[in-house]
Amino acid sequence: MTYSIIAEGLVKRYGDTVALDGIDLAVRTGSVFGLLGPNGAGKTTAVRILATLVRPDGGQATVCGYDVVSQAHQVRQLTGLTGQYASVDETLTGTENLMLIGRLTGQSRSAARGRARELLAAFRLTDAADRAVKTYSGGMRRRLDLAASLVTSPRVLYLDEPTTGLDPLSRNEMWDVVRGLTATGVTVLLTTQYLEEADQLAEDIAVVDHGTVIATGTPDELKARTGAQTLSVRPANPADVPAVVAIVAGFSLTEPEVRNTTVTVPVTQEDVLPRVMRRFEDAGIRVAELNLRGSSLDEVFLSLTGRRTETEVLEGSAA
Amino acid sequence: MTTASTTMNSTVPDTSGAASAAGALSALKPLGPLGSLSPRVGPLQGLRQTFSLAWRTLVQIKHNPAELIDFSIQPVMFLLLFTYVFGGAIGGSPHAYLMFALPGIIVQNSLFTTLNTATGLSTDLEKGFFDRLRSLAIARFAPLSGRILADIAKQAWAVIMLVGIGYILGFRVGTAPHWPLGVLAAFGLVLVSTLALSWALVPLAVRAFKRRV
């Protein structure tokens, strides 16, 4: 098995803030690797180091065997970066943006034009090819941005939160594009705040928090460990809450959480609903609300670290 | 320009026109085996990249013609305003004042041009376009030199236009026998000082941009 990206003990500080506190990563060639974590966990910093935009303060990293610090120019020839914000020139047209990058990286005028046409077609932007990018919708901009990072036919592609801020439809489109990419053999390093996104796209996931990796594994491994789904129950009678806690605790390795009169807990078994319903019936508890849904990143965090992500804590205290 | 640069980009398959929606993603195939990667950017490549990026800044004018007003119409307005509205009062007659005002407006315009360089650069940094450029295997200086080259071109255009209009209005060069050389040297001086000032403002633009950590 070969690895396209290997990072060992990456450290990055900004003043007193430690953005990365010794991150280790190994991304298999041709796979999609998901870097999952909340805002400010260090995902973007890690990507910026691997894309040679930022120098690490400690540790080292290689891309296809080239060191990101001492052989940055070689690394740049192998990688493409699509950032959190669509980084294209808004005053230029789609074609002009792509041609500019082609010309900059040494393509002849006709080759650059051909490549631009091809990529615009692949990302369904042909109709908008000669319009200024500032007239594009959010989803179109992201697609153009992704196309721009593919002009040089990179072997390794960094996607930094590719769907943040997109509506569900555009997000699904983006997912299809990423899946299509992996079929061509590109190695993708994806950062995301959404568990569902990592689950949908990535073959391996590293969960990061405060600049360190706190868990790694395939999506299934992670879900088995943290609970793929969250069960939430609200008894009709608030006095039944302790009894409900006692029952649902038996279905999870994690302590149930109580908010107002709603009890939530991550669960792993698939047949949990009928079984838990039977227990409630046996105990004579009337349930006002019962649902089973996919776990959010916050809930994964809760079961991995025993605490909520910081944004959640802030929102909770403000409420 | 030669058409010999097909070494790195020969991945584009010759199936032009066949790029239908479904099969199109196959066009995104990465390079085959790890070719020999160049360890650094050659000076000639750096120069070419500078020109490409200068082209990008100039082509923006095409899409945003309002910018044309900034560096063409505005100096002409200043020239007319100072010569014909204030000129008589300040310099005795509009013509006498024109002889004094024209070189001044050329210098004033060159200062405005350097400001353009800095604000343009700052916008690139904020919007993330600069990161895109830095992630490409291009000369590190190209994004800066490209922008400055473009602004020098705009500046040259403005100087030629101002002198042309000034000439029509009655401006004459006073250094009689060798005047073409003297005028060319003066142009050169204005362009070189614009260039120098542009570089001085580059660190300011970079500093003004606060990095999002």
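Trainee: Over how many bridges do strand β7 (residues 156-160) of chain A and β8(A) pair?

Mentor: This is a predicted model, in which local features need pLDDT of at least 70, side-chain atom pairs count only at pLDDT 80 or more, and totals for chains, interfaces and linings use all residues. Residues are numbered from 1 along each chain as its sequence is written, chains are lettered from A and ligands numbered from 1 in the order in which they are written, and side-chain values use heavy atoms, with hydrogens and water left out. Strands (E, at least two residues) and helices (H or I, at least four) are DSSP runs numbered from the N terminus, and two strands pair if DSSP finds at least two bridges between them. For β7(A) and β8(A) the sense is parallel and the count is 5 bridges.

Trainee: Which residue of β8(A) is the bridge partner of Val32(A)?

Mentor: Strand β3 (residues 32-36) of chain A also pairs with β8(A) in the parallel sense, over 5 bridges. Within β8(A), Leu190(A) stands opposite Leu159(A). The bridge partner of Val32(A) is Val188(A).

Trainee: How many residues of strand β8 (residues 187-192) of chain A are buried?

Mentor: Side chains in a regular strand alternate between the two faces of the sheet. One side of β8(A) carries Thr187(A), Leu189(A) and Thr191(A), the other Val188(A), Leu190(A) and Thr192(A), and all are buried, that is, under 20% relative accessible area, with over 50% being exposed and the range between partly exposed (1.4 Å probe, protein chains only). The strand is thus mostly covered, and the count of buried residues is 6 of 6.

Trainee: What relative accessibility does Ser153(A) have?

Mentor: Ser153(A) lies in the loop between α5 (138-150) and β7 of chain A. Although it is not a glycine, Ser153(A) has a positive phi of about 50°. Ser153(A) counts as buried because its relative accessibility is 3%.

Trainee: What is the relative accessibility of Cys64(A)?

Mentor: Cys64(A) is placed in the loop between β4 (58-63) and β5 (66-67) of chain A. Its phi is positive, about 50°, although Cys64(A) is not a glycine. Cys64(A) counts as buried, at 19%.

Trainee: Which residues does Leu166(A) touch, not counting those up to four places away in sequence?

Mentor: Leu166(A) is found in the loop between β7 and α6 (168-183) of chain A, and its relative accessible area of 15% makes it buried. Contact means heavy atoms within 4.5 Å. On that basis Leu166(A) touches Gly138(A), Gly139(A), Arg142(A) and Arg171(A).

Trainee: How many helices does chain B have?

Mentor: From the N terminus on, the elements of chain B run α-α-α-α-α-α. The secondary structure holds 0 strands, and the number of helices is 6.

Trainee: How many nonpolar residues are in the contact of α2(B) with α5(B)?

Mentor: The axes (lines fitted to C-alpha atoms over the stretch in contact, with angles from 0 to 180 degrees between N-to-C directions) of helix α2 (residues 66-91) and helix α5 (residues 142-169) of chain B come within 10 Å and cross at roughly 30°. The two helices are therefore roughly parallel, the class for angles under 35 degrees. Residues that meet include Phe71(B) and Leu79(B) in α2(B), and Trp157(B) and Met161(B) in α5(B). By class (Ala, Val, Leu, Ile, Met, Phe, Trp, Tyr, Cys and Pro nonpolar; Asp, Glu, Lys and Arg charged; the others, Gly among them, polar), the contact has 2 polar, 2 charged and, for nonpolar residues, 12.

Note on methods:
Angles under 35 degrees count as roughly parallel, over 145 as roughly antiparallel, 65 to 115 as roughly perpendicular and the rest as oblique.
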